[in-house]
Amino acid sequence: MGFLKQIICLYFLVVATIASAKPLAVSYTQVQYIGNVKIDRFTLTSDTLLSGKTYKFLIQGGLHGNERETTKFVQWLSKKMASGQSSLSLLPAENVVLDFLPIANPSGVKSLSRYNDRGVNLNRNFPTLWGLTKEYPGAAPFSEAESQALRSLFIKEKYTGAVDVHGYVNWVVGPSPLKERANRTQEYSAWTSLLKKETSKLGDYEYKTGLELGDGGAFEDWAFWEQKAFAFCLEMSSAFRYTRDKEDSWAIYEKFILQMFTHAISLSDDRAPGYAHTQGTLPDLPSKLN
Ligand SMILES: [Zn+2]
């Protein structure tokens, strides 16, 4: 662990210890799959995590590296959560694990680019509806180390829910309708109805899907359909980009995420015991990156 990472971890631990009524354990790891891509991961759990059912959630920013506010928002939210000051603390702490990935596209964040350093739009590199895009989606689904890292993380953690934060347009993007997945029609309908309902409370926001936008290979489509996580993409508004009272604006998104994660927990409880999240381990991957 580098010096900077140690400082960040120390900050989390001190804040969590001093300020929280319910201290959260914070751990720092990196997600790595193939190649040299390492993605920072901050995991927040209660010290008193119960041994029963655990709900795991992923909060991700910076998949498009030029959308800097998304990284700042996810960092802000993770620190607030660690201090016990976030409304996400209203989730049942003894049963919840939160993973924060503020920089999902490290090379893109470094160079302020929408793409990774291989010119790929990572939010088009996932297999669901892959190829439906005007941007370069990579040579094949999961051709990129960053998306592979996310895949290995999902297979390991079996997330109940996930949000991918983007900017800047007033949209919430939900999973696209896929007719051939008839066995999950009911769950799809329940989740997207709730997403639409909560989106309508955001004011001048619109609800979209990757399919209607022509954006195939998106994170939330894969996370919902292939990993069975209650997933969505939250676009931060352009209006909030330069506003002075950023934290007030960000709190609106914090509340939205809380509401959707709460819905995800209740939908997850409707599933049969032993529900299988994924199709298995890691098939069809290139042995190394080009
Ligand atoms: Zn984006």
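The legends below accompany several close-up views of a predicted model.

**Figure 1. Overview of the protein chain and its confidence.** Because this is a predicted model, local features are given only where pLDDT is at least 70 and side-chain atom pairs only at pLDDT 80 or more, while totals for chains, interfaces and linings use all residues. Residues are numbered from 1 along each chain as its sequence is written. The protein chain holds 8 helices and 8 strands, where helices (H or I, at least four residues) and strands (E, at least two) are DSSP runs numbered from the N terminus. Of its 290 residues, 41% count as buried; a residue is buried if 20 or more other C-beta atoms lie within 10 Å of its own, exposed if 12 or fewer, and partly exposed in between, with C-beta atoms placed from the backbone. Among contacts with a separation of 6 or more, 74% are between residues 24 or more positions apart, a contact being two residues whose C-beta atoms, placed from the backbone, lie within 7 Å. The average pLDDT, which is the predictor's confidence in each residue from 0 to 100, is 86, and 83% of the residues score at least 70. Over residues 280–290 the pLDDT is below 50, and this stretch has 9 contacts in the model beyond near neighbours in sequence.

Figure 2. Strand β8, residues 230–236, is mostly covered, with 7 of its 7 residues buried. Phe230, Phe232, Leu234 and Met236 lie on one side, and Ala231, Cys233 and Glu235 on the other. In a regular strand the side chains alternate between the two faces of the sheet. Strand β5 (residues 161–167) runs parallel to β8 and is joined to it by 7 bridges, with valine 165 opposite leucine 234. Strand β6 (residues 171–174) runs antiparallel to β8 and is joined to it by 2 bridges, with valine 173 opposite cysteine 233; two strands pair if DSSP finds at least two bridges between them.

**Figure 3. Phenylalanine 232 in the largest nonpolar core.** This core has 63 residues, and those with the most contacts inside it are Ile59 and Phe232; a nonpolar core is a set of buried Ala, Val, Leu, Ile, Met, Phe, Trp, Tyr and Cys residues joined through C-beta atoms within 7 Å. Not counting residues up to four places away in sequence, phenylalanine 232 touches Val163, Val172, Val173, Gly174, Leu195, Glu220 and Met260.

**Figure 4. Helix α2 and the glycine that follows.** Helix α2, residues 68–82, has 15 residues and reaches 22 Å from its first C-alpha to its last, close to the 21 Å expected at 1.5 Å a residue, the expected span being 1.5 Å times one less than the number of residues. Its buried residues include Phe73, Val74, Leu77 and Met81. Glycine 84, which follows α2, has a positive phi near 80°.

Figure 5. Helix α4, residues 145–157, has 13 residues and reaches 18 Å from its first C-alpha to its last, close to the 18 Å expected. Just after α4, lysine 158 takes a positive phi of about 50°. Glutamine 148 lies in α4 and counts as buried because it has 22 C-beta neighbours inside 10 Å; its C-alpha is separated by 9.8 Å from that of valine 31, 117 residues apart along the chain. Glycine 119 is in the loop between α3 (106–110) and α4 and is exposed, with 11 other C-beta atoms within 10 Å.
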